[in-house]
Amino acid sequence: MYEKISTDIEHLRKLFVFPESQDKFLEFGKQILDMMYKSFKQKGGLHSSITLDELTSLFSDISIPRDPQLLRDIFPEIENKIASHSVKVYSPYYIGHMTSAIPYFTILIDMIISSLNQNQVKIETAKASTFVERELLCWIHRLIYQKSAKFYRETVQNHRVALGNVTSDGTLANLTAMMVARNLLFAPDGRFPGIARAGIAEAYRHYNCERTVILISKRGHYSFDKIADTCGIGDSNVIKIPVDTGSNKIDLNILRKELNEIEAYNQNHEQKIKILSLIGIAGTTETGNIDNLYEMNRLARKYNTRFHVDAAWGGPVLFVDDYSHLFKGIEDADSVTFDSHKLLYLPLSMGMVLFNNQKDLQSLQHTTQYVVRPDSRDQGRFTIEGSRPFAALRPWVALKVIGSEGFKLLFEKAFTISSYFKTQIDIHPNFESLNDPELFIFNYRFIPVKIKKHLESLISENSAETLKMASRINSSLNEVNIQLHRDIRNNDLSFVSRTVLESTRYAPDEIVVLRAVTINPLTTTSIIKEIIAEHNKLGLKLFNKSYKKRFKNYF
Ligand SMILES: Cc1ncc(COP(=O)(O)O)c(C=O)c1O
């Protein structure tokens, strides 16, 4: 099948840069670009029709390839077995997840990142790129914290302080913020060397601590469960505060009550409950809503704890002045997470975590003799991760090519599309909207008009019996929407995702919702119209075929 070539050191030597034969690099480079260009232009569905079982058998070779093969023989394999069976996340009809279209130039930037192959952990392998990374961190820090120009001029390249870290993703940015919070909460104290040195058991003993908790809304990203596990406080200590019905923002009354209860407990007990951090969300994963950051920050100050804002999704929307009121309070947060592979439209993946206090990251400092020496400029001194690529080049370039004004326009367009989507669903007889899409994430469900009217009258009657019937209807509608989601997926003309919300107007009923993330600049209002028409057609077909009889029992 493949041309057999000998295992020959001369052949292998030529694979490395700079290849002896430079034209091979250019020739193959062109071939790859052509291949990807062709795959972008491919017509058809969003997913290939290959089944998961077929993919299993395509990729079940259990042996490491033994003999070298020619690159040109591998390309068809990449094209036919991988590229053609990848999800077309760049399609304007693919509006199901936070992963969307990327600007074409960023693909080329990734070639530069790989070609330079800088390792950001230390300046010995990342010279100019260390400074680029710091400059980028300064830009984003300023976008969030808006300190004086003097402050930024003094800190941008001052290696004795750190405005933040570049991380592999949002999860690691959140983890970094929580590790800093942990190390500051259980800081060195007298003979106690701090939790980072002594470990959690000794820290709890020293500080008379029974448990440490994180407070976040029920809409919080599940990364905080992983983080609580990783940093040793245990994921059962992530306290999930309910959200206000409909708004999906943390219920401040319940948060206050929880904080008061912790305070009262601590007054009466020798062993204390410590609060690692309050977490505000600027763009919830499921619903795209922003917590009341201003009030949360005030509560964090009142209860003497830290305030972290997870703006992995919504952070870039700070470019839009008209929406900055939604983020009020973020400028006082102790730390903020910001992803570049979400609303900066960049290829996966890169996150950032920014700190209000430029000394905070010193609590994570680790140094060795062979890398990240104490007073070096090595970016790896304060990072949890070790080797890291020069991913910062992507946002650094994109912010120049698109500019904050350009991003503003992209977000204004995204706002228009999600508002249009909601309006169309609101006036549609067979759908209902189930959230207010502040940041481009819209939840809705299919509900045939007759059922909608009946449900409304049952709820307005408001008796125990009618509410029980309403719950039964909602439960059946959940089944309809799960199946509809499968049908949409199988029809393969468009894609939305699906989740379950306990926070809709039907609370406490849990409602299955379809979730549309409308950020792709190529998605137009007429595409949204087409998508709604398709979902309506599939919904009616499904309902009439499989559910009509059952729903008759509810009247
Ligand atoms: C609000 C929020 N925080 C954190 C994350 C985690 O980001 P990542 O997937 O980059 O680790 C996500 C991902 O969807 C998110 O929506």
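**Notebook: ligand shell, domains and one aspartate**

I began with the shell around the ligand, whose residues divide into four nonpolar, nine polar and three charged; here Ala, Val, Leu, Ile, Met, Phe, Trp, Tyr, Cys and Pro count as nonpolar, Asp, Glu, Lys and Arg as charged, and the others, Gly among them, as polar. Before going on I noted that this is a predicted model, in which local features need pLDDT of at least 70 and side-chain atom pairs count only at pLDDT 80 or more, while totals for chains, interfaces and linings use all residues. I also noted that residues are numbered from 1 along each chain as its sequence is written.

Staying with the ligand, I looked up which of the 16 residues around it come nearest, and found Asp169, Gly170, Thr171, Thr285 and Ala312 (a residue is near a molecule if its C-beta atom, placed from the backbone, lies within 6 Å of it). The largest share of this shell, three residues, comes from helix 8, residues 170–185.

Next I turned to the whole chain, whose secondary structure comes to 18 helices and eleven strands (DSSP runs numbered from the N terminus, helices being H or I with at least four residues and strands E with at least two). The radius of gyration of the chain is 26 Å, close to the 24 Å that the globule rule gives for 555 residues, so the chain is as compact as a globular protein of that length; the radius is taken over C-alpha atoms, and the rule is 2.2 Å times the number of residues to the power 0.38.

For the domains, I found domain 1 (9–75), domain 2 (171–376) and domain 3 (405–552), with bounds that come from an automatic or database domain assignment. The C-alpha centres of domain 2 and domain 3 lie 33 Å apart, and 19 residues of domain 2 are in contact with 20 residues of domain 3, where contact means that the C-beta atoms of two residues, placed from the backbone, lie within 7 Å. On the side of domain 2 that touches domain 3, I read nine nonpolar residues, nine polar and one charged.

Last, I asked where Asp334 sits, and found its place in the loop between strand 5 (306–310) and strand 6 (335–339). Asp334 counts as buried because 22 other C-beta atoms lie within 10 Å (20 or more make a residue buried, 12 or fewer exposed, and values in between partly exposed, with C-beta atoms placed from the backbone). Leaving aside neighbours within four places in sequence, Asp334 is in contact with Arg306, Phe307, His308, Phe355 and Asn356.
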